[in-house]
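Dear colleague,

Please find below the structure that I am handing over to you.

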Amino acid sequence: MAQLKIGVYVCNCGTNIAHTVDADSIVETVWKIPDVTIARSYRYMCSNPGQEMIINDIQGLELDRVVVAACSPRMHERTFRNACKSGGINPYLFEMANIREQCSWVHSADRLSATAKALALTKAAISRVRCHEPLDPLTAEMCPSTLVLGAGIAGMTAALELALAGHPVCLVEKTDRLGGNLARLDLTAPYLYSARDVLQERMVRIRQTENISVLLNSQLKSLTGFIGNFTATIANGNPSADEKVLHVGNVVVATGYKEFDAARITHYGYGKLPDVITSFEFERMLRTGRILTKAGKEPRYAAIIHCVGSRNKEFHGYCSRVCCMTALKYAQEIKGAIPECYVSDLYIDMHAFGKGCEDFYKKSSEVKTLFLMYGKNERPVIRKAEPGDDCEMLIEIDEKLSGERIEIPADLVILMVGMEAREDSGEVARLVNISQDKDGWFMESHPKLDPVATTTEGIYIAGTCVAPKDIPDSVAQARAAAGRILGRIAKGKIEIDGVFAEVNEDRCSGCRMCNELCPYSAIEFDETKKRSHVIAAACKACGCCVAACPSGAIKGRHFTDQQIYAQIEGVLA
Amino acid sequence: MAIRVNPKLIGELKRYGAEDVHNCYHCGNCSAVCTHADDVFVFPRRPMRFLQMGLEKRIEGILDPWLCYYCGQCSSQCPRGAEPGETMMSLRRWLTSRYDFTGISKLFYQSWKAEIAAILIVALLTASGFLWYGVSHGDIQTYDGPSAFLPSSMVHIFDWAMASVLVLLLGINSIRMWWLTTGSNEKTRGPWWAYLKCLYLLPLHFFTQKRYGKCETRRSWLIHLALMLSYVTMLVLIMFFLRLLQDGPGIRWAVHSFGYLASAGLLFTIGYAVYGRIRKTEVHLNHSHESDWIFLWMLLLVTATGVLQHVLHRTGTGMAANVAYLIHLALVVPMLTLEVPFSKWSHLAYRPLAMYLGDIHRIALARRPQAARAMESLKMAS
């Protein structure tokens, strides 16, 4: 092997590493390894002086390989690769040894062994970096069109945001109208804006915006390709109509939620007692402008039950987030329409987070709503009243704030049904290749730092298909997704990491085993050549296909057999 | 067994002065700042909850409202403006009407017009009665001595007759209070010896109101104590030394010095309360029910006419003194006969009684089996 010039840098990470690992002894030992031109330790390698140290050594000592023993590559691999690039060598001629998360932090009790392990890891990295090859990132074109799935408030907002920035959008809606679940509501909490007004404005603007094409009664049939270059097939509900094939660069999934089926809880008698209704049925009542029981009378006693299907072991453990404020809105609306009506509000915890909500809660108290607290995993029981009871129904609950078991009268009971993932969410997740959590909600790339992106590049999620949320949050997510996409479109081209799998076509037998295995649908089969090939942009370099290929035809770039063996030998050396 | 709520109770309490109870969301700040609340008597929070829910029987059965002296700390710490202090005050009014077997108290608290009308009727009856007696038995120019217009011997007998009626009425209502809060509940009824052991608490709390002294605002306690002691001094003078008090024209310092002191005490403390309620100077004076005003004005007028008749007599105008005396009697009789058993003044009996019964509750609860107590405290905590 040709003579190499390797620079080795051991980071102290303040005391994070130095407290447990003797960095200086590692420097001394690795200095003796052939080809190691320079070895240094420093307080913080990731700091500017640390990076400059690497850059200066590459230039001054003509280094051609760099090893940094520091934290996890997830933390700073990119930092040091960039430093290598600035120094003038290919960023992939760099290797990182994790001596913090996988060494000093977990072996803090034994300095000697920890130092030995850190040395072994550093040696492994030195051994591996010898086999590194320079790699170049790929670029691909970015198609400026976007496909938006779902025309609720989130979908419409994302579509408008993208279209008004001058890019074509195709808005696909399963039903025959725009508006989604929001179109079923009357007023919105806590500021009592009319849902109709909120939607009307969006709908008018969508119709007036030329580069949005709206496809109603339509569904995504298939999606192939990768970021910047997806091909989507849209099927119309009408079987005789042709399928539409679209070329899009990004996809926003905003398919929304469905409400919990109240009949699943038998205690509430939904479907049996005529005046036990769901929140959506009550919204319909509010939109017609009259609050009446089935018998056509004004209720003298109204009860609102929270957390129907939510925050419960049996159904959904999560909070549906919007029901508390909606319930308070109902209390105020009933009191407004029928001032002498006795309104009781049966809740588990009052979740009044968010702007204006605490005031809204207080206002509901001021209109004289009776708040009754019941226990999690307990349930109020509703029964029909006897003729002498002076009301239609009686609700029995164990009231937590007083410790009393009480009975309250009710003529009308409103069940605050929670949100749940739509039945077709699994199908959508499969089509666009994103994951779902245990409740069926679509998963974010990172719940805090990357809440609208998914693990599949180019696929974004927004609104209540991600988790229950209110209108402002849905709109914010929709705009965030649109913002992310606009950023990608503005760059024009997409850069694809040089690390991906490659099929050696001469060796490929066309067995298609890898096609099925790839979790990112990144391998396509070329029917004419009868060979598989990897879409570099979609590949995440997980290595599944490399391990599975019976012909050994697939190579993981930057994770070649040779490199991995070298690393193992380094550890054992 | 589930208790049926009374949806109308909270509306009913509005007439007694509780207007903001709905605002309470049970953070518990009020009970945390209260120096008197403990784990047996969890107020104001517990009564607030019972009231919100309309659990009438439960409120009837608790002593909590009487253990509060209304320093107002709870109301000033309340994040929701639910006025727990005023709610306790309103509950005391409501409980007074519940203890009263005649139903007159309920009528008075719900309608100030009824109370004023009753006062006017009793005042007119009293005035005409004494006028008739004076005209037929004495001389309007003579204030003291055997031929006086309103001789002290006659007024003395009248005073004792009236006092007996008042004690009887208040006694019956106090027994009702014992039954509702203590006697009817086997958990709190307590053993017979507890009633003897705690007996000293009745005079102790009556005369010292020492629990009031533990409230954050010590000044309110001192003012209240001064008012009470002044009144009691005057009461003793009238009930036992009326002849000496009325005889003149010389000043009997052995008796009158107490009278002057008591009058000064009354005028000062009533003035303080009236000013405070008009200007809303302290939390507990922010909300004034009609019954508070009627009580205060009656007390002020009674004191003023009492002082006036004395001054007029000593300055030598017998007839004017007799007219002032007549007005004084026409005010003092309705004030005592209506305010003591049926209105604000009944707290002179209920409050010390509640302190007394409270300690009996503690003894009774401590004697209950451990398991039952644990269950109850658990229930309370949840």
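**Findings**

In the pairing between the two chains, Ile406(A) stands opposite Ile3(B), a residue of strand E1(B). This is a predicted model, and everything below should be read accordingly.

**The interface between the chains**

The strands that carry this pair are E22(A) and E1 (residues 3-4) of chain B; they run parallel and are joined by two bridges. Across the interface as a whole, 21 residues of chain A are in contact with 18 residues of chain B. On the side of chain A that touches chain B, at least two residues each are supplied by helix H10 (357-366), strand E19 (370-373), strand E21 (393-399) and strand E22 (404-410) of chain A. Of these, E22(A) gives the most, with six residues. By class, the side of chain A that touches chain B divides into nine charged, eight nonpolar and four polar residues.

**Chain A: overall organisation**

Chain A has 573 residues, of which 46% count as buried. Its secondary structure comes to 15 helices and 30 strands, and its C-alpha atoms fill a box of roughly 100 × 65 × 40 Å along the principal axes. Among the contacts in chain A with a separation of 6 or more, 69% are accounted for by residues 24 or more positions apart.

The domain assignment divides chain A as follows:

- domain 1, residues 6-135
- domain 2, residues 146-256 + 422-493
- domain 3, residues 262-418
- domain 4, residues 497-557

The C-alpha centres of domain 1 of chain A and domain 4 of chain A lie 32 Å apart.

Strand E5 (residues 138-141) of chain A pairs with E26(A) in the antiparallel sense, over four bridges. Within this pairing, Thr139(A) stands opposite Glu495(A).

**Nonpolar cores**

The largest nonpolar core has 132 residues, and those with the most contacts inside it are Ala303(A), Ile304(A), Val413(A), Leu415(A) and Met416(A). The element that gives the most to this core belongs to chain B: helix H16 (residues 318-342), with 14 residues. Leaving aside residues up to four places away in sequence, Ile304(A) touches Ala327(A), Tyr330(A), Ala331(A), Asp345(A), Leu346(A), Ile414(A) and Met416(A).

**Chain B: two domains and their contact**

For chain B the assignment gives domain 1 (9-99) and domain 2 (111-356). The C-alpha centres of these two domains of chain B lie 28 Å apart. Their contact takes 22 residues from domain 1 of chain B and 24 residues from domain 2 of chain B. On the domain 1 side, helix H5 (64-67), helix H6 (73-77) and helix H7 (84-99) of chain B each supply at least two residues. H7(B) gives the most to that side, with six residues. By class, the side of domain 1 of chain B that touches domain 2 of chain B has ten polar, eight nonpolar and four charged residues.

Yours sincerely

Conventions:
Residues are numbered from 1 along each chain as its sequence is written. Chains are lettered from A and ligands numbered from 1 in the order in which they are written. This is a predicted model: local features need pLDDT of at least 70, side-chain atom pairs count only at pLDDT 80 or more; totals for chains, interfaces and linings use all residues. Two residues are in contact if their C-beta atoms, placed from the backbone, lie within 7 Å. Ala, Val, Leu, Ile, Met, Phe, Trp, Tyr, Cys and Pro count as nonpolar, Asp, Glu, Lys and Arg as charged, and the others, Gly among them, as polar. Two strands pair if DSSP finds at least two bridges between them. A nonpolar core is a set of buried Ala, Val, Leu, Ile, Met, Phe, Trp, Tyr and Cys residues joined through C-beta atoms within 7 Å. A residue is buried if 20 or more other C-beta atoms lie within 10 Å of its own, exposed if 12 or fewer, and partly exposed in between; C-beta atoms are placed from the backbone. Domain bounds come from an automatic or database domain assignment.
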